[in-house]
Amino acid sequence: MNFLCDVHISLKLVNHLVSLGYRSMHVNEMPRKWFTADKEICEFADSNNYIVVSKDADFRNSFFINHSPKKLIKISLGNITNEDLIHLFSANIKQINKLASLDTFLVEIEKTGLRVILK
């Protein structure tokens, strides 16, 4: 599995995913860093089979309207500590891993748990 974390996602999560054996990068590793437009992030993710991880509702909207990014994990938790976010990913990584082989999906991580939308 490959993860591309948006600008508001901590490098700690990126490093944690790498420690679990997944390819993971932060948008700041892209050529335009935090100035990378959402459309560029989506195009890169879709072309390279990355799952976009973001708190940004614009990605959710783009998933439904533009069908891009094809694979998205939307964090809908408001302010959350990095440790809590890492814990949530660790607790749900098996379920996310099962979805990774699909062509398209949206996972919303909410206080009540995961909500999976297949399209």
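Modeller: Let's start with I41, which lies in helix α2. Helices (H or I, at least four residues) and strands (E, at least two) are DSSP runs, numbered from the N terminus. Keep in mind that this is a predicted model, in which local features need pLDDT of at least 70 and side-chain atom pairs count only at pLDDT 80 or more, while totals for chains, interfaces and linings use all residues. Residues are numbered from 1 along each chain as its sequence is written, and side-chain values use heavy atoms, leaving out hydrogens and water.

I41 counts as buried because its relative accessibility is 1%; buried means under 20% relative accessible area, exposed over 50%, and partly exposed in between (1.4 Å probe, protein chains only). What surrounds I41? Setting aside neighbours within four places in sequence, I41 is in contact with L4, D6, V27, M30, T36, V52 and F59; contact means heavy atoms within 4.5 Å. By contrast, I41 and L99 are 20 Å apart in space, C-alpha to C-alpha, and 58 residues apart in sequence.

The axes of α2 (residues 38–48) and α3 (residues 57–65) come within 11 Å and cross at roughly 60°. Axes are lines fitted to C-alpha atoms, for helices over the stretch in contact, and angles run from 0 to 180 degrees between N-to-C directions. The two helices, α2 and α3, are therefore oblique to each other: angles under 35 degrees count as roughly parallel, over 145 as roughly antiparallel, 65 to 115 as roughly perpendicular, and the rest as oblique. On the α2 side, D38, I41 and C42 make the contact, and they meet D58, F59 and S62 of α3. Sorted by class, this contact of α2 with α3 has three nonpolar, one polar and two charged residues. Here Ala, Val, Leu, Ile, Met, Phe, Trp, Tyr, Cys and Pro count as nonpolar, Asp, Glu, Lys and Arg as charged, and the others, Gly among them, as polar.

Next, follow L4, which takes us to strand β1. N2 and L4 point one way from β1, F3 and C5 point the other way, and all are buried. In a regular strand the side chains alternate between the two faces of the sheet. β1 (residues 2–5) runs parallel to β2, and four bridges join them; two strands pair if DSSP finds at least two bridges between them. Across this pairing, L4 stands opposite M25 in β2, and N2 stands opposite R23 in β2.

Stepping back, β1 belongs to an open sheet of six strands with mixed pairing, in the order β2-β1-β3-β4-β5-β6. The edge strands, each pairing on one side only, are β2 (23–26) and β6 (113–118). From one strand to the next, the twist averages 20°. Helix α1 (residues 11–19) lies across β1, β2 and β3 (51–54), and runs at about 165° to β2.
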